[in-house]
Amino acid sequence: MPVDWVVIPMVTVLDRDELWRYVDQERAGLADLLEGLSPEEWEAPTLCGDWRVRDVAAHLTVGPRSHGRDVLRELLRAHGDPHRMIHDVSVREGRRPVGEIVAALRSAVGSRRAAPGTTPHETLLDLLVHGQDIALALGREREMPPAAARDAAERVWTMRFPPRPWPRPQARLVATDIDWTRGEGEEVRAPVAALLLLLTGRPEAARAWFRRAEEPLWSRAQCWLGCEPPTLRPTATHRTVHPAAAQATVHPAAAQTTGRPAAAHGTVHPAAAHKR
């Protein structure tokens, strides 16, 4: 049954104070969610390669503690491979007691430190998309503020350098809950959160948002994805992603089966390094 979405007119890109406010909100909300998980849920596989919920959560705690020297040290340890660096640091951090992971995420609320080489836009993008990765793995719904999701979608769409790791769709994307339109071609209308998840190679997570809007919208999205609606699989051994969002070019959190996640937001994401 169609859902009537309220359109929220706003400027497309958030200012710095707004960005950090949403970052704080996402960190606090994720900490609350994680705090109530059972031991089994912490070990639940995600569609981010071989990362479990605990590894994705740990990844989100690293950026605020990162320094340039840490990035260099971890990059050397990974033999100069930034993807391996991101993967290995996150898995290593994921071995910490879950209480420490939650405490680290909660202690980052109020921090205005972005990982070296990134801005608050990337920090917010990371939190929004990985928050959905965690929710999907747990079979839960997690809301995404439209203004925050639009800022993240705009960051992905306008990414020039580092190069965007996800191909742009051959479609006109129209957000139904906030003022945001990009692209040309077949029109795909959906909540901006769904469009963000499609833009970052996450059709599985996007599908739930399409279902909460209008059923026909998912069929239209399939046209430019070029695939059938993916079957969600409770395994982290591979990602069910269309070739247009191949594993090698999926969001940083999406570690491949080889243990090589794609570079975060298309950059060598220094958030993978941490102060030791």
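1. A contact is taken here as heavy atoms within 4.5 Å. On that basis, and leaving aside residues up to four places away in sequence, Leu-34 touches Trp-42, Val-53, Ala-57, Val-102, Leu-105 and Ile-134.

2. This is a predicted model, in which local features need pLDDT of at least 70, side-chain atom pairs count only at pLDDT 80 or more, and totals for chains, interfaces and linings use all residues. Residues are numbered from 1 along each chain as its sequence is written, and side-chain values use heavy atoms, with hydrogens and water left out.

3. The chain has 11 helices and 3 strands, assigned as DSSP runs (helices H or I, at least four residues; strands E, at least two) and numbered from the N terminus. Their order along the sequence is α-α-α-α-α-α-α-α-β-β-β-α-α-α.

4. The mean pLDDT (the predictor's confidence in each residue, from 0 to 100) is 77 for the chain, and 71% of the residues score at least 70. Over residues 226–276 the pLDDT is below 50, although this stretch has 174 contacts in the model beyond near neighbours in sequence. Residues 1–11 also stay under 50.

5. Of the 276 residues, 57% count as buried, that is, under 20% relative accessible area with a 1.4 Å probe, protein chains only.

Notes: Buried means under 20% relative accessible area, exposed over 50%, partly exposed in between (1.4 Å probe, protein chains only).
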